[in-house]
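The sequence and coordinates are shown first.

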Amino acid sequence: MSNHAGFIIAAYGVSLIALAVLICWILIDQRLQNRALQELESRGVRRRSDSKGAQS
Amino acid sequence: MGALFVREVRLGLRSGAGVLVGVLFFLAVIAVVPFGVGPDLKLLARIGAAMLWIGALLATLLGLDRLFQADRDDGSLDLLIMASERHLLALTVLVKCLAHWTVSVLPLVIASPLLGLFMNMEPAAIGATSLTLLVGTPAITLIGAVGAAVAVSLPRGGLLVSVIVLPLTVPVLIFGVSASYGAVEDPAPFLAPFLILAAITLFFAVLGPVAAAAALKSSAD
Amino acid sequence: MSETVSKTGRWIDWANPTRFLSFAGIILPWLGALTLIVLAIGLWMSMQAPDDYQQGATVKIMFIHVPFAWLSMMCYSIMTIAALGTLVWRHPLADVSARAAAPIGAVFTALALITGSLWGKPMWGTWWVWDARLTSVFVLFLMYLGIIALTRAMDDPAKSAKATAILTLVGFINIPIIKFSVDWWNTLHQPASVLRMGGSTIDGSLLRPLLVMAIGFTLLFFTLHMMAMRNEIRRRRIVSMRRVAARNADRRPSQ
């Protein structure tokens, strides 16, 4: 059954790559949102409910 | 409701071109099949029922965005939604679906025997296929109503509607073709898939308009 | 944060996006670490697992294929519950949850299909086989794509929330019908030579790694889902903050 090793490796490999891409996409998105939030907050923009003191 | 039905039918027929497009598309699909698979008559007869069903499915899906688009463009969709105090919006949607089916899809069903001849199908097969199309295509329209309602506010919603609705219509296709084949092949049953097909149509006669009405209401506010 | 919300109890506190963000921030590192540990254990157990006498080493693909398939359905169920949350209870985070879950679920579904195909080639001899399970998962994948396309097509989250929710619900109701029809279709067209994937007859030495991997991937899903929900909440905040900034730029001279 050694010739099937290729399929096993391919299956695990594809899964690893796909999951890695998914995780990276979420992490990059996270960084983008955080950066945009920081940029907006440093410009002094406030959320409407922030006047009541809730800060994330 | 009767007046609504008549109005819808009249509007659909008046736009003429739209109705004809569906039948022409159906014709086009069936016409290119022999060019694709070759003129082998036995092969064509074997796949005839399936190709008729696929062609009818695609043609029906194509015409779905006509279900609500025209009304939305001239504002009467809002009126219909607002009238939901007196007339249940789901019922209105059901009537619109029936009218749409009568105008856009029934011609396909009527054309199917002729196209069945192109596919070299035997009379029993043609009859069974047309009958299953008659019973099954309303289900496609009703399921499609949900997609059309959900995407009604989108500018290029037509293609998206087809993409959304296609997976949901897979059972209709399966049972329709299964019944068509069951009528000609001996061990395969006809009545069971046919009845299931009818059941699906009836089920979606309720679920489709209800869900579509909910979607229309949510897109209105 | 509004006082009327926190009055109704801790369950409703989840409805507050700010609370959710802080909750997520606390729990995510632990959840992520737990995910890694469980997956590592699962992988090790999978490597150690014996070869199946019929399938040989390719049974190892089952250890990822089955969890992926299971997760694809679980994700859709979560999206359905979220859809109910949007339509019935108008839970503010329900739409965020659905939007975040869809791409993750689609990836898992696609992986289920790909690993199933890679498992099928040595087993059944062809890359794709229209057996009932793979076909149903394929149709489910198409439904995921449709939902993702719909959510991305609409700009306004308020409108797309309800539309997506209705579509998800109709899809969910359809799933048993589709499964039934595909089973029907499959028994008609294929002689019964479908490989039994075991179920309850699966041996313990194979079942244990499978369960651990399933738990590990479930934890992975929830980790990713929470992260994606956090991103989505922040994204919406940024949009509304930008709107506020644009409005204020008109009113006062910038200093």
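C:Asp131 counts as partly exposed because it has 18 C-beta neighbours inside 10 Å. In this scheme a residue is buried if 20 or more other C-beta atoms lie within 10 Å of its own, exposed if 12 or fewer, and partly exposed in between, with C-beta atoms placed from the backbone. C:Asp131 lies in the loop between α5 and α6 (132-153) of chain C. Helices (H or I, at least four residues) and strands (E, at least two) are DSSP runs, numbered from the N terminus.

The model is predicted: local features need pLDDT of at least 70 and side-chain atom pairs count only at pLDDT 80 or more, while totals for chains, interfaces and linings use all residues. Residues are numbered from 1 along each chain as its sequence is written, and chains are lettered from A and ligands numbered from 1 in the order in which they are written.

C:Arg237 is placed in helix α8 of chain C. With 19 C-beta neighbours inside 10 Å, C:Arg237 is also classed as partly exposed. C:Arg237 and C:Ala24 are separated by 213 residues in sequence and by 16 Å in space, C-alpha to C-alpha.

**Chains B and C**

| Property | Chain B | Chain C |
|---|---|---|
| Helices and strands | 10 helices, 0 strands | 8 helices, 0 strands |
| Buried residues | 52% of the 221 residues | 42% of the 255 residues |

Two residues are in contact if their C-beta atoms, placed from the backbone, lie within 7 Å. In chain B, residues 24 or more positions apart account for 81% of the contacts with a separation of 6 or more. In chain C, 78% of the contacts between residues at least 6 apart in sequence join residues at least 24 apart.

The C-alpha trace of chain B spans about 55 × 35 × 30 Å along its principal axes.

Within chain B, helix α7 (residues 123-150) has 28 residues and reaches 40 Å from its first C-alpha to its last, close to the 40 Å expected at 1.5 Å a residue. The expected span is 1.5 Å times one less than the number of residues. α7(B) bends by about 30 degrees at B:Leu134, and B:Pro138, a proline, follows within four residues. The bend at a residue is the angle between axes fitted to the seven residues ending there and the seven starting there. Because 23 of its 28 residues are buried, α7(B) is largely enclosed by the rest of the structure.

The largest nonpolar core has 145 residues, and those with the most contacts inside it are B:Ala149, B:Val150, B:Ala215 and C:Ile166. Such a core is a set of buried Ala, Val, Leu, Ile, Met, Phe, Trp, Tyr and Cys residues joined through C-beta atoms within 7 Å. Beyond its neighbours within four places in sequence, B:Ala215 is in contact with B:Val146, B:Ala149, B:Val150, C:Ala163 and C:Ile166.

The contact between chains C and A takes 31 residues from chain C and 27 residues from chain A. On the side of chain C that touches chain A, α8(C) gives the most, with 13 residues.
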